[in-house]
Amino acid sequence: MKLSIKKGVSFGLTSGVITTLGLIVGLESGTGSKLVVLGGIITIAIADAFSDALGMHISEEAENKHTTREIWESTISTFLAKFVFALTFIIPILLFNLTLAVIVSIIYGLLILSIISYKMAIEQKTKPLHVIAEHLLIAIVVIFITHFVGNYVAVIFG
């Protein structure tokens with residue numbers, strides 16, 4: 001896979017896991033509404049995919065060492081990876097009650113993050129367990145923080 005596409009896909013997938021899980025957990029704990037969570041996922045799939053793609057685009061341009069084609073490959077692959085992957089989180093929300101759907105989403109997201117981290121560690125010839133643990137720790141911190149923020153918002157403003 002071309003480096004420009006690999007950068008976009010890995011960034012988009014990672015961002016898709018972290019932001020979508022944070023959103024799902026926060027909205028569920030704050031509202032308990034399946035409709036709100038579904039709307040949030042669709043919104044983040046669109047808005048954050050465009051935001052991340054533009055961020056990648058500007059970052060690649062700022063390095064001043066990529067061709068226009070490479071910049072656009074990174075931009076488009078970031079958008080598509082983030083958009084499509086974020087939308088996959090709709091499936092458990094539609095199939096299960098909201099509490100179970102959140103648990104399934106967390107397991108699914110952490111599994112995807114583990115696979116991405118493992119592949120990256122193997123390519124970099126580093127210890128996969130260390131890389132996976134580091135990335136999962138960050139995701140778990142986001143999950144806990146968004147859960148507590150959602151609860152806090154529900155108590156204060158609900």
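The following paragraphs describe the nonpolar core of this structure and then its salt bridges.

The structure is a predicted model, in which local features need pLDDT of at least 70 and side-chain atom pairs count only at pLDDT 80 or more, while totals for chains, interfaces and linings use all residues. Residues are numbered from 1 along each chain as its sequence is written, and side-chain values use heavy atoms, with hydrogens and water left out.

We begin with the core. A nonpolar core is a set of buried Ala, Val, Leu, Ile, Met, Phe, Trp, Tyr and Cys residues joined through side-chain atoms within 4.5 Å. Here, buried means under 20% relative accessible area, exposed means over 50%, and partly exposed lies in between (1.4 Å probe, protein chains only). The largest such core holds 22 residues, and those that touch the most other members are Val-17, Ile-24, Val-37, Ile-41, Phe-89 and Ile-93. Two or more residues are given to this core by each of α1 (3–31), α2 (34–63), α4 (90–95), α5 (98–124) and α6 (128–157). Of these elements, α5 gives the most, with 7 residues. Helices (H or I, at least four residues) and strands (E, at least two) are DSSP runs, numbered from the N terminus.

We turn next to the charged side chains. A salt bridge is a side-chain nitrogen of Lys or Arg within 4 Å of a carboxyl oxygen of Asp or Glu, and the whole structure contains 6 of them. One joins Glu-73 to Lys-2, with the closest N and O atoms 2.7 Å apart. Because Glu-73 lies in helix α3 (residues 68–88) and Lys-2 in the segment before α1, this pair ties together parts that are 71 residues apart in sequence. Glu-73 counts as buried, at 12% relative accessibility, whereas Lys-2 is partly exposed, at 42%.

Glu-73 also meets Arg-69 in a salt bridge (3.1 Å, N to O). These two residues are 4 residues apart in helix α3, and therefore about one helical turn separates them. Arg-69 is exposed, with a relative accessible area of 60%. Through shared partners, salt bridges join Lys-2, Arg-69 and Glu-73 into one network.

A further salt bridge links the side chains of Lys-6 and Glu-123 (2.7 Å, N to O). Lys-6 lies in helix α1 and Glu-123 in helix α5, so the pair ties together parts that are 117 residues apart in sequence. Lys-6 counts as partly exposed, at 30% relative accessibility.
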